[in-house]
Amino acid sequence: MEKYLKVSVVGQGTYGIVYKVKCRSTGKEFALKRYNYGVEDSTVRELSCLAALKGHPYVVSVHDCFFDEGKVAMLLSYVPYTLSGIIHKGHGLKSYHEPGRVERSIPLSFVAHFSRQVAHALSCMHEMNIVHRDLTPFNVLLTEDLTVKVADMGLSRQCSKWMSPTVVTEAYRAPELFDECGKYRLEYTCAIDMWSLGVMIAEAMEGEVIFRQRLDHREKSMYRIIAETLGSQRPLLRIDCILGP
Ligand SMILES: Nc1ncnc2c1ncn2[C@@H]1O[C@H](COP(=O)(O)OP(=O)(O)OP(=O)(O)O)[C@@H](O)[C@H]1O
């Protein structure tokens, strides 16, 4: 770790803290993800999935793994933007401005661009029978030139018949993970990642999180929110935005 200087904290999640660090000799920037706990299942899964996907153009690259202050730490390429930041704050979108288009927060060309790259990464993972299980706009990172880097594989694993159902951040969780009463189901496939991708595409098109508790609603199960949103009068995606006038 002496080789690197911690510059700032760039993220904090359930499993660890992520620092921006600088190599003392080359000045090159990296992200250092230091896990909160010892060598847990999630640590091993994340490392083995990232190792299996090493070299994939749309998956974050891992460069090294060592101990930092007694905890396991992983050195990753530093990727400055999150898809969430771009959708909701427009970070990094300058090069995707389309003159003459109806004003919207996210140009359609960018939606097509990120969807294709995330789908490419998922297709490669699914071919290896790896399911990501936590695909959200916070875990889809983008470089300065807006290349997608899928990150956070802490919940990723080899797909099998029965798996833990308590996965994926609620708003992006596929309906097959729970039933109408909100009870969890153990049987699902890699298809849950495709649902999460679809929800992210809808979020980018609409500029807001699609499946969420509304202030005027009483507490509802996510299953109900999904059913009511998809069954509502208002079309979720405006087809005129896709096809143009
Ligand atoms: N390679 C990276 N470059 C820059 N920022 C990163 C990188 N990896 C992660 N981050 C930032 O840190 C945040 C948390 O990282 P990550 O999702 O890997 O941690 P986690 O503890 O597994 O989180 P979660 O609670 O979502 O499971 C990300 O949302 C992102 O903002």
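## A salt bridge between the domains

Asp152 forms a salt bridge with Lys33, and the closest N and O atoms of the two are 3.6 Å apart; the term stands for a side-chain nitrogen of Lys or Arg within 4 Å of a carboxyl oxygen of Asp or Glu. Across the interface of domain 1 and domain 2 the rule finds one such salt bridge.

The structure is a predicted model, in which local features need pLDDT of at least 70 and side-chain atom pairs count only at pLDDT 80 or more, whereas totals for chains, interfaces and linings use all residues. Residues are numbered from 1 along each chain as its sequence is written, and side-chain values use heavy atoms, with hydrogens and water left out.

The chain is assigned a domain 1, covering 4-77, and a domain 2, covering 81-243, with bounds that come from an automatic or database domain assignment. Contact, meaning heavy atoms within 4.5 Å, joins 14 residues of domain 1 to 20 residues of domain 2. Between them the two domains bury about 1500 Å², 65% of it on carbon and sulfur atoms, where buried area is the accessible area (1.4 Å probe) that two parts lose on being put together, summed over both. Of the area that domain 1 buries against domain 2, 41% is supplied by Arg45, Leu53 and Tyr58, more than by any other three residues.

The rule also finds five residue pairs in polar contact across this interface, both residues being at pLDDT 80 or more; a polar contact is a pair of N or O atoms within 3.5 Å, and within protein one must be able to donate a hydrogen and the other to accept it, while residues adjacent in sequence count only if both atoms are side-chain atoms. On the side of domain 1 that touches domain 2, helix H1 (residues 41-52) gives the largest share, six residues; helices (H or I, at least four residues) and strands (E, at least two) are DSSP runs, numbered from the N terminus.

## Strand pairing

Strands S1 (residues 4-12) and S2 (residues 16-23) pair in the antiparallel sense over seven bridges, two strands being paired if DSSP finds at least two bridges between them. S1 and S2 form a hairpin with three residues between them, and Gln12 stands opposite Ile17 in S2. A hairpin with two residues between its strands is formed by S4 and S5, and Glu69 in its turn has a positive phi of about 50 degrees. S4 (residues 62-68) and S5 (residues 71-77) pair in the antiparallel sense over six bridges, and Phe67 has Val72 in S5 as its bridge partner.

Three further strands form an open, antiparallel sheet in the order S6-S8-S9. S6 (81-82) and S9 (148-150) stand at the edges with a single partner strand each, so one side of each is left without a neighbour in the sheet. S8 (residues 140-142) pairs with S9 over three bridges, with Leu141 opposite Lys149 in S9.

## The surroundings of Pro175

Pro175 lies in the loop between strand S10 (157-158) and helix H4 (191-206). Not counting residues up to four places away in sequence, Pro175 touches Trp195, Tyr223 and Ile226. The C-alpha atoms of Pro175 and Trp195 are separated by 8.6 Å, although the two residues are 20 residues apart along the chain.
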